[in-house]
Amino acid sequence: MGKNTIILNNLIYDWLNSKSNIKESSYTRYYNLIEEHIKYDIGKVKINKLTSDVVNSYINNKLTNGKKDKTGGLSKNTVYDICNILKQVFKKNNININMIKISKCIGNGKSLYLYDKNKLINYLEKVDNNISLGILLSLNLGLRESEVCGIRFCDIDLKNKIININHIISRVKSFHTKNKTKLILSTPKTENSKRSLPIPNKLYNKLLILSSQYDENCFLLTGKNKFIDPRTFYNRYKKILKKLNIKYTYHDLRHTFATNCITIGIDYKSLMELLGHSSITTTMNIYAHPSMGTKRKYINKL
């Protein structure tokens with residue numbers, strides 16, 4: 001069978017198999033995108049029928065009607081990732097396709113209003129358990145769910161007042177179990193995400209008390225040698241917000257932390273390292289949006 005008569009799926013899965021040395025979480029991301037959004041439509045197209053018009057029509061359809069239930073389009077970030085896969089496959093096989101450019105959306109988080117933030121903090125301090133402490137750490141250090149879930153007491157250096165982000169909890173494709181996915185304890189996606197953070201003074205005593213109660217290999221959020229599923233942790237967070245009658249994503253805690261840092265005048269290099277970004281440009285593009293109050297303060301100084 002000539003190369004031109006085979007379908008795109010053959011090339012895509014050859015490319016995916018060549019990615020066996022990447023992180024499990026990245027491999028799972030690629031696999032899921034292929035299985036859910038590529039395999040059963042453009043993946044069936046024969047190579048000799050593959051043109052720029054065919055590819056771009058497919059991309060536009062994903063943007064407008066890409067959801068499985070046909071209620072609308074996929075997010076730009078999802079389509080961006082799909083395009084990234086196709087580009088790599090085309091490049092590997094010397095297929096010349098002029099694809100339309102899809103920009104990745106960044107900075108889609110929002111900061112908690114001061115009233116809502118205080119309401120949340122008051123509730124978390126009143127409840128005072130491992131889960132509430134994890135949420136407070138995210139609010140005060142900009143941690144992601146996966147990072148908070150991966151913290152063990154051995155990562156907490158109370159003597160030097162430092163928390164080391166050495167691991168995350170990731171959901172990856174399972175090839176050897178009945179379940180489609182599995183949870184693993186893995187290293188952060190980038191070297192920059194693996195970082196050491198100063199423990200906020202207001203949370204030090206809480207961590208000191210908890211550290212005396214658990215073995216160093218226990219996870220912070222569970223107090224056991226078994227970690228919590230980030231989805232479960234997120235659901236508990238959402239239940240708390242429902243009780244308080246406020247609506248924010250977990251990422252909004254990270255955005256709130258970054259915005260607060262900018263408001264008090266932190267330099268972008270320090271903020272970049274605190275957030276675990278690989279470049280200042282990323283930090284500035286996502287979080288460098290001063291509040292109206294901050295703008296007003298500087299305008300009035302003119």
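**Exercise 1.** Is the crossing of α6 and α8 left-handed or right-handed? Describe how these two helices pack.

*Solution.* The model is a predicted one.
Step 1: two packed helices are described by the angle between their axes and the distance between the axes.
Step 2: for α6 (residues 130-141) and α8 (residues 201-211), the angle is about 145° and the axes lie 11 Å apart.
Step 3: the crossing of α6 and α8 is left-handed.
Step 4: on the α6 side, the contact is made by Asn130, Leu133, Leu136, Leu137 and Asn140; α8 supplies Lys202, Leu203, Lys206, Leu207 and Leu210.
Step 5: sorted by class, the residues of this α6 and α8 contact are 6 nonpolar, 2 polar and 2 charged.

**Exercise 2.** Decide how α1 and α4 are oriented to each other.

*Solution.*
Step 1: the axes of α1 (residues 8-17) and α4 come within 10 Å and cross at roughly 95°.
Step 2: angles of 65 to 115 degrees count as roughly perpendicular, and α1 and α4 are therefore roughly perpendicular to each other.
Step 3: Leu8, Leu11, Ile12 and Trp15 of α1 meet Ile85, Leu86, Gln88, Val89, Phe90 and Lys92 of α4.
Step 4: the α1 and α4 contact has 8 nonpolar, 1 polar and 1 charged residues.

**Exercise 3.** Locate Gly72 and state whether Gly72 counts as buried or exposed.

*Solution.*
Step 1: Gly72 sits in the loop between α3 (52-65) and α4 (76-92).
Step 2: the cut-off for buried is under 20% relative accessible area; Gly72 has 16% relative accessibility, so Gly72 counts as buried.
Step 3: leaving out residues up to four places away in sequence, Gly72 touches Thr64, Asn65, Gly66 and Lys67.
Step 4: from Gly72 to Asn61 the C-alpha to C-alpha distance is 9.6 Å, with the two 11 residues apart in sequence.

Terms used
Residues are numbered from 1 along each chain as its sequence is written. This is a predicted model: local features need pLDDT of at least 70, side-chain atom pairs count only at pLDDT 80 or more; totals for chains, interfaces and linings use all residues. Side-chain values use heavy atoms; hydrogens and water are left out. Helices (H or I, at least four residues) and strands (E, at least two) are DSSP runs, numbered from the N terminus. Buried means under 20% relative accessible area, exposed over 50%, partly exposed in between (1.4 Å probe, protein chains only). Contact means heavy atoms within 4.5 Å. Axes are lines fitted to C-alpha atoms, for helices over the stretch in contact, and angles run from 0 to 180 degrees between N-to-C directions. A crossing is left-handed if the near helix is turned anticlockwise from the far one by less than a right angle, and right-handed if clockwise. Ala, Val, Leu, Ile, Met, Phe, Trp, Tyr, Cys and Pro count as nonpolar, Asp, Glu, Lys and Arg as charged, and the others, Gly among them, as polar. Angles under 35 degrees count as roughly parallel, over 145 as roughly antiparallel, 65 to 115 as roughly perpendicular and the rest as oblique.
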